[in-house]
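Trainee: I'm new to this one. Could you walk me through how to read it?

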Amino acid sequence: MVAILAASGWLGVMQQVKGVVARGKGQPVELTTINVPDPGPGEALVQVQACGVCHTDLHYREGGINDDFPFLLGHEAAGVVEAVGDGVTAVAPGDFVVLNWRAVCGDCRACDRGEPWYCFATHNATQKMTLAEGPDAGTELSPALGIGAFAEKTLVAAGQCTKVDPSARAAAVGLLGCGVMAGIGAAINTGAVTRGKSVAVIGCGGVGVAAVAGSVLAGASPVIAVDIDPGKLEAAKRMGATHTVDSSATDGDMGVVAAIQELTGGFGADVVIEAVGRPETWKQAFYARDLAGTVVLVGVPTPDMKVPDIPLIDVFGRGGSLKSSWYGDCLPSRDFPMLVDLYQQGRLDLDAFVTEEVGIGDVEAAFEKMHHGGVLRSVVVL
């Protein structure tokens, strides 16, 4: 530990740990030493046990989120609370937690109307983690999604810690912190999938396969998985998809639409979940739904992408809903423990999402594997 004393007075005690930092746009990430403060009021220090390598971390490295470099990457994590600051009562040292990036405020207009899953004022730790070595020592780090969990320890707002069953496997349940929750929630929370509804999921990476799993949990049938990668379609089948569509073998964009319609009695699916985040696949989702059906956009587009050219009369004439799904519209305190319980009961196979376990120095290699497909999640285990 090192004590930090500034001109303005005592700033607290820092621990030095290893963390994965992106210093500049497009540059390879670096494993370096960082300073992590002891928790202040409303904060928690978490010893990270596992953290998934999510595509959002790659977006941060590429400058696709913002330009607040250097970033401390990693946000899809589970670990053990080491210490808490003043005023923290929901978690205590020794608690096993899944980290979340929606620490609800309880006071904004969404929370006041009883919809905290839409909280517009989520909060993060007040103190900043910093670089500990080199010419940039002391530079404040921007933690990915307010978490920064590609590190041996990280400082978060206590509300970002959700206590779950301590016997659960960290590498599996940590994925609820982002991708798996986003997919399951897109189906159950945003898409309101229930028994008797038909579902199509376009894009079967980690989030899309989780949307398949959520649809199966809700009792939907058929559940149709669409992708260009046979391996991802097989993963969707293992999670319960009743049918698959290889979109590379269909006749253009409308070929996917025709395939989904054929599998749903000629009508289209009641709920179509777009888990790619591209205009052309969103257009497929729009036309692949039944009349009065729902389209859920959970794939994250880049800022330059535009809604495709669709006649407004088609928007009016088809009825239904066009929705985007933020974090699966989840409430972590409600949803994480429930899903961990389902995992422990053998009803939700979170282990199936863990393609490989890697070390903290292997994040850049995991990013490269993302480009080539073949992995649902690489998980850093500490």
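This is a predicted model: local features need pLDDT of at least 70, side-chain atom pairs count only at pLDDT 80 or more; totals for chains, interfaces and linings use all residues.

Mentor: Residues are numbered from 1 along each chain as its sequence is written, and side-chain values use heavy atoms, leaving out hydrogens and water.

Trainee: What is the order of the strands in the open sheet of six?

Mentor: Strands are DSSP runs of E, at least two residues, and helices are runs of H or I, at least four, numbered from the N terminus. Two strands pair if DSSP finds at least two bridges between them. Here the order is β14-β13-β12-β15-β16-β17, with parallel pairing. The edge strands, β14 (243–246) and β17 (321–324), each pair on one side only.

Trainee: Which residue in β13 is the bridge partner of A200?

Mentor: That's I224. Strands β12 (residues 199–202) and β13 (residues 223–227) pair in the parallel sense over four bridges.

Trainee: Which strands does helix α8 touch?

Mentor: Contact means heavy atoms within 4.5 Å. Helix α8 (residues 279–288) packs on the sheet, touching β12, β15 (269–274), β16 (289–297) and β17.

Trainee: Is L322 buried, partly exposed or exposed?

Mentor: Buried means under 20% relative accessible area, exposed over 50%, and partly exposed in between (1.4 Å probe, protein chains only). L322 sits in strand β17, and L322 counts as partly exposed because its relative accessibility is 41%.

Trainee: And how many residues of strand β10 are buried?

Mentor: Five of the five in β10 (residues 153–157).

How values were computed: Axes are lines fitted to C-alpha atoms, for helices over the stretch in contact, and angles run from 0 to 180 degrees between N-to-C directions.
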